[in-house]
Amino acid sequence: MNETHDPELRSWVESANDPHSDFPIQNLPFGVFEPGVIGVAIGDQILNLRECARRGLLPASVREAVSAPLLNPLMGLPAGELTGLRRRLMELVRQGADREQVESALVAQGDVAMMVPVAIGDYTDFYASIHHAINVGRLFRPDNPLLPNYRWVPIAYHGRASSIVVSGTRVHRPSGQRKEPHANAPEFGPSKALDYEMEAGFFIGRGNALGEPIGVGEAGEHLFGMCIVNDWSARDIQAWEYQPLGPFLGKNFATTISPWVVTMEALEPYRAGRAGRGADDPEPLPYLDSENDRRRGALDVRLSASLWSREMRGQGTAAMELSSATIADLYWTPAQMIAHHTSNGCNLRTGDLIASGTVSGPGARERGSLIEITGRGAEPIALPTGEKRGFLEDGDEVTIRAWCTREGFARIGFGECRGALIHA
Ligand code: CA
């Protein structure tokens, strides 16, 4: 950690000093607003980095990267350049700085539309929450919920990057093949079991060459930052198609991400020890293990998902929280996911998105998807309007938020990952 994590720091952008703001001066996440301009969130404002660079306020070495239309060139910069940029940005917006030159490079967040900030070449979704794996496994195999490989190998599937959308984009209910358990044949039509999955996303900064695995000890150097992910899932399409090759059309119709990328450097104060393994659990194989990863490989980022139905909006009722869990409870750390992903020589590239899989915790209110909360729709939940939900209905809006708190440090947040469901 360094002086940029000092909880006493204040900004001359007054809204950044509100203790409830997701974007205090200690955060400084990167995003891209239309039509392709890189900015940094500070309070309810955005600092336009292209404009700052044009005015000579940023180091010449990052000028090209911060003036690009997407974050990839910036994400690939050496760690020293990124640390230097963070320090410089802090100098520009901290209380007492000369705001004269900087103030007119601010735009209000409410005045611009955010974009998917990264050209995402590949998207991989893990299954790193053992609580989620057990909750879902129990629905299908009550006596033997966890498959024997789970405690040994980080499970994942290759997702689809083309359908990743930014928060606020409406999501179409997908149609597909689904088969009722006792029906003789499947039918084709709109999914009747649409779900959300509350997840964390990790963006790759520097990639690796094909054939050259990233060791678990070096994985941190390849991570740029984090966002929130909602891996929308059509459970009925998924259940019929997934054997033997895994998720396909039940997942790839839409994945929503939050627009701001919180850097690993900003997240440094919220590092935590790897979640404890049970007494009967095997130790990770050596390529997935390091002393440093045990001690500080996890991150305490809390996620919360809420549902707001059309009727709730109409009645002016607040959204209802469905899930809340921390990624500190994941069975596999981000470094283990990266080490495993590249252990066969697979190359990751700058801008790749690695998602955690549904984040669930051990508690009853810590289940990160409706399939877990409602027992695959069998036990619907009641909304404040009296409506029932086994799965999502058209008009439902799901918002996932995330934040970090730790005694002695500022609270930082991720903004929101929001999507409303519309009929196809
Ligand atoms: Ca998922």
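Helices (H or I, at least four residues) and strands (E, at least two) are DSSP runs, numbered from the N terminus. The model shown in these views is predicted.

**Figure 1. Two domains in one chain.** The chain divides into domain 1 (3-111) and domain 2 (123-422). Domain 1 gives 26 residues to the contact, and domain 2 gives 24 residues. Taken over C-alpha atoms, the centres of domain 1 and domain 2 are 29 Å apart. The size of an interface is often given as the accessible area lost when the parts come together. Here domain 1 and domain 2 bury about 1900 Å² between them. Carbon and sulfur atoms carry 64% of that area. On the side of domain 1, H5, D22 and M75 supply 31% of the area buried against domain 2. No other three residues of domain 1 supply more.

Figure 2. One salt bridge is counted between domain 1 and domain 2. The side chains of D22 and R411 meet in a salt bridge, with N to O at 2.9 Å. Four elements of domain 1 each give two or more residues to the side that touches domain 2: β1 (30-33), β2 (37-42), α3 (72-75) and α4 (79-93). The residues on this side of domain 1 divide into 13 nonpolar, eleven polar and two charged.

Figure 3. Helix α5 spans residues 130-140. Its buried residues are I130, H132, A133, N135, V136 and G137. An α-helix has 3.6 residues a turn, so residues three or four places apart point the same way. The buried residues of α5 pack against α11 (370-373).

Figure 4. E387 sits in the loop between β22 (381-382) and β23 (388-389). Is E387 buried or exposed? E387 is buried, because its relative accessible area is 16% and the cut-off for buried is under 20%. The side chain of E387 makes a polar contact with the side chain of S309, at 2.6 Å. Neighbours within four places in sequence aside, E387 is in contact with S309, E311, M312, I381 and A382.

**Figure 5. A partly exposed salt bridge.** The count of salt bridges comes to 29. E103 is partly exposed, with a relative accessible area of 36%. R99 is partly exposed too, with a relative accessible area of 36%.

Figure 6. R235 and D195 form a salt bridge, and their closest N and O atoms are 2.9 Å apart. R235 belongs to helix α6 (residues 235-241), and D195 belongs to strand β11 (residues 194-195). The pair links distant parts of the chain, 40 residues apart. R235 is buried at a relative accessible area of 9%. D195 counts as buried at 0% relative accessibility.

Figure 7. D289 forms a salt bridge with R274, and the closest N and O atoms are 3.1 Å apart. D289 and R274 lie in the loop between β17 (271-272) and α8 (291-296), so the pair ties together parts that are 15 residues apart in sequence. D289 is buried, with a relative accessible area of 18%. R274 counts as buried at 14% relative accessibility. Elsewhere, salt bridges that share partners join D195, E197, D231, R235 and K251 into one network.

**Figure 8. Backbone exceptions.** Most residues other than glycine have a negative phi, and most peptide bonds are trans. Which residues does a cis peptide bond join at P244? The bond joins Q243 and P244, with omega about 5°. P244 lies in the loop between α6 and β15 (255-257). The peptide bond from E34 to P35 is cis as well, with omega near 10°. P35 is found in the loop between β1 and β2. L28 is not a glycine, yet its phi is positive, about 55°. L28 lies in the segment before β1. At 4% relative accessibility, L28 counts as buried. R376 is not a glycine either, and its phi is positive at about 60°. R376 lies in the loop between α11 and β22. At 41% relative accessibility, R376 counts as partly exposed.

Terms used
Residues are numbered from 1 along each chain as its sequence is written. This is a predicted model: local features need pLDDT of at least 70, side-chain atom pairs count only at pLDDT 80 or more; totals for chains, interfaces and linings use all residues. Side-chain values use heavy atoms; hydrogens and water are left out. Domain bounds come from an automatic or database domain assignment. Contact means heavy atoms within 4.5 Å. Buried area is the accessible area (1.4 Å probe) that two parts lose on being put together, summed over both. A salt bridge is a side-chain nitrogen of Lys or Arg within 4 Å of a carboxyl oxygen of Asp or Glu. Ala, Val, Leu, Ile, Met, Phe, Trp, Tyr, Cys and Pro count as nonpolar, Asp, Glu, Lys and Arg as charged, and the others, Gly among them, as polar. Buried means under 20% relative accessible area, exposed over 50%, partly exposed in between (1.4 Å probe, protein chains only). A polar contact is a pair of N or O atoms within 3.5 Å; within protein, one must be able to donate a hydrogen and the other to accept it, and residues adjacent in sequence count only if both atoms are side-chain atoms.
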